[in-house]
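Here are my notes on the model you sent over, point by point. Keep the structure open beside them and look up each spot as you go.

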Amino acid sequence: MTTKLKFTAEPVDWVAWLDTLDLADATPEQIAVLEESTPTAKTSPYYLLLVQDVDVLRERSKLYNAIMYGPRGLPRAERELGAVATSRVNGCVYCASVHVQRFIQLTKQPELMQRLLDEGVDTPLEPRYRAIVDYAVKLTRTPNTITKADLEPLRQIGLTDAEILDLAQAVAMFAWANRLMQTLGEPALPTK
Amino acid sequence: MAHTATSSPETTANDVINTLAGIAPDSALAAIRALRPDVVRHTQGSYDALLAPAEPVGLTLAERAKVALRVARLEGNATLADHYRHQLTQLGVHGETIAGVEQFPAGPTLEPRVAAILHHVDRLTNEPGSATQAHLAALQAHGLCVREIVTLSQLIAFLSYQVRLLVTVTALGEENP
């Protein structure tokens, strides 16, 4: 095992701990699912590992894309904020790096993201982001304690029930994504 | 178990999240969920692919339901635990084995392969950041191939998703009866 990387807003690679599929051996069905998962899937060790259970990856990729990229509803940047907060709590360095970069692309707020990485989820935030991160953290750490009272701060910043659901789905999706990334491989510094 | 590949997103009768959250198909909250039909469809599709595949490869249906019951217990969600306990009973799994899953690693002894799987379940659910390559080697030593480890990992991680979605939908349902 290599030394654990620190949280970073720089791009990092991911190395699989198990044998990935050789693209030359892929079935037409596996190729199709890789192509609809994400543009880089055919060269990604993560997707070339997951595609070995093709039925599950097909469903998961369609779900992921609907949750993170679906139109309208909670602004995409705030779904990314939910993903970053979840990844920070779970300790997923790879996911945090990717989704910090997405948030910065969408909002141009690199300082905010750097503080979230360096100081953690308790770093000072404006009220709207504070409410979003607080819900993400509680849902990540102790889902068994969630009640309707936990939705109140989200309503106070103006989220509709549909937007609350969008946030919860992003956080839940990263409960899923973090666990795959953290337990089937590890982040690595990019080879230049 | 119904196969959902052809079901429409508007069909909520077989939707596990709505059923467990007590959401009626014609309710306001079901309509809010249906604003993202692909999320509803592929949440259920993921459930079907992981917990009710027509032709399970690698992990048996009973092994999958044992994993699910274990995650539900670790997350402290009684509704989900009841759901998967019922599934195990329907699959003909004995009460003593079910108790072994719920009380793991105390309680009635389980077969070594299932015990190895449940150790992995506990780690990934409670402390995913503590996993190492050696833990995957331990699974391989119990006969799990790469594909089976992929399926198992997807299953455990999906259940972390499912419980978080369920508690939020349930909380929203308290104000959208």
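1. Start in the loop of chain A between α3 and α4 (76–90), where you'll find A:Arg72. Check its backbone: phi is positive, about 60 degrees, even though A:Arg72 isn't a glycine. Bear in mind as you look that this is a predicted model.

2. Now step back to the whole of chain A, which is split into domain 1 (13–69 + 184–188) and domain 2 (76–177). Notice that domain 1 is written as two stretches of the chain, 13–69 and 184–188. The C-alpha centres of the two domains are 25 Å apart.

3. How many residues of domain 1 of chain A are in contact with domain 2 of chain A? Five, and they meet six residues of domain 2. On the domain 1 side, helix α3 (residues 54–69) of chain A gives the most, with three residues. That side of domain 1 has five nonpolar residues, with no polar and no charged ones.

4. Stay with α3(A) and look at how it packs against helix α1 (residues 28–37) of chain A: the axes are 9 Å apart, at an angle of about 20 degrees. An angle under 35 degrees counts as roughly parallel, so that is the word for α1(A) and α3(A). Their crossing is left-handed.

5. Which residues make that contact? From α1(A) come A:Glu29, A:Gln30, A:Val33, A:Glu36 and A:Ser37, and from α3(A) come A:Val54, A:Leu57, A:Arg58 and A:Ser61. Sort them by class and you get three nonpolar, three polar and three charged residues.

6. Over to chain B, for another helix pair. The axes of helix α4 (residues 61–74) of chain B and α9(B) come within 10 Å and cross at roughly 45 degrees. That angle is why α4(B) is called oblique to α9(B). The crossing here is right-handed.

7. On the α4(B) side of this pair you'll see B:Arg64, B:Val67, B:Ala68, B:Val71 and B:Ala72, which meet B:Leu155, B:Ile156, B:Leu159, B:Ser160 and B:Val163 of α9(B). Eight of the residues in this contact are nonpolar, one is polar and one is charged.

8. Next, look at where the two chains meet: 45 residues of chain B are in contact with 44 of chain A. On the chain B side, the elements that give two or more residues are α2 (28–33), α3 (37–51), α8 (133–141) and α9 (146–173). The largest share comes from α9(B), with 19 residues. By class, the chain B side has 22 nonpolar, 15 polar and eight charged residues.

9. There's one more backbone detail to find in chain B. The peptide bond joining B:Phe104 and B:Pro105 is cis, with omega about 0 degrees. To find B:Pro105, go to the loop between α6 (95–103) and α7 (112–126) of chain B.

10. Finally, how far can you trust the picture? The predictor gives the complex an ipTM of 0.97 and a pTM of 0.95. Chain B has a mean pLDDT of 92, and 92% of its residues reach 70 or more. Residues 1–12 of chain B are another matter: pLDDT stays under 50 there, and the model has 17 contacts beyond four places in sequence for this stretch.

Conventions:
Residues numbered from 1 in each chain as written. Chains lettered and ligands numbered in written order. Predicted model: local features only at pLDDT ≥ 70, side-chain atom pairs only at ≥ 80, totals over all residues. Domains from an automatic or database assignment. Contact = placed C-beta atoms within 7 Å. Helix = DSSP H or I, 4+ residues; strand = E, 2+ residues; numbered from the N terminus. Nonpolar A, V, L, I, M, F, W, Y, C, P; charged D, E, K, R; others polar. Axes fitted to C-alpha atoms, helices over the stretch in contact; angles between N-to-C directions. Parallel < 35°, antiparallel > 145°, perpendicular 65-115°, else oblique. Left-handed = near helix turned anticlockwise from the far one by under 90°. pLDDT = per-residue confidence, 0-100.
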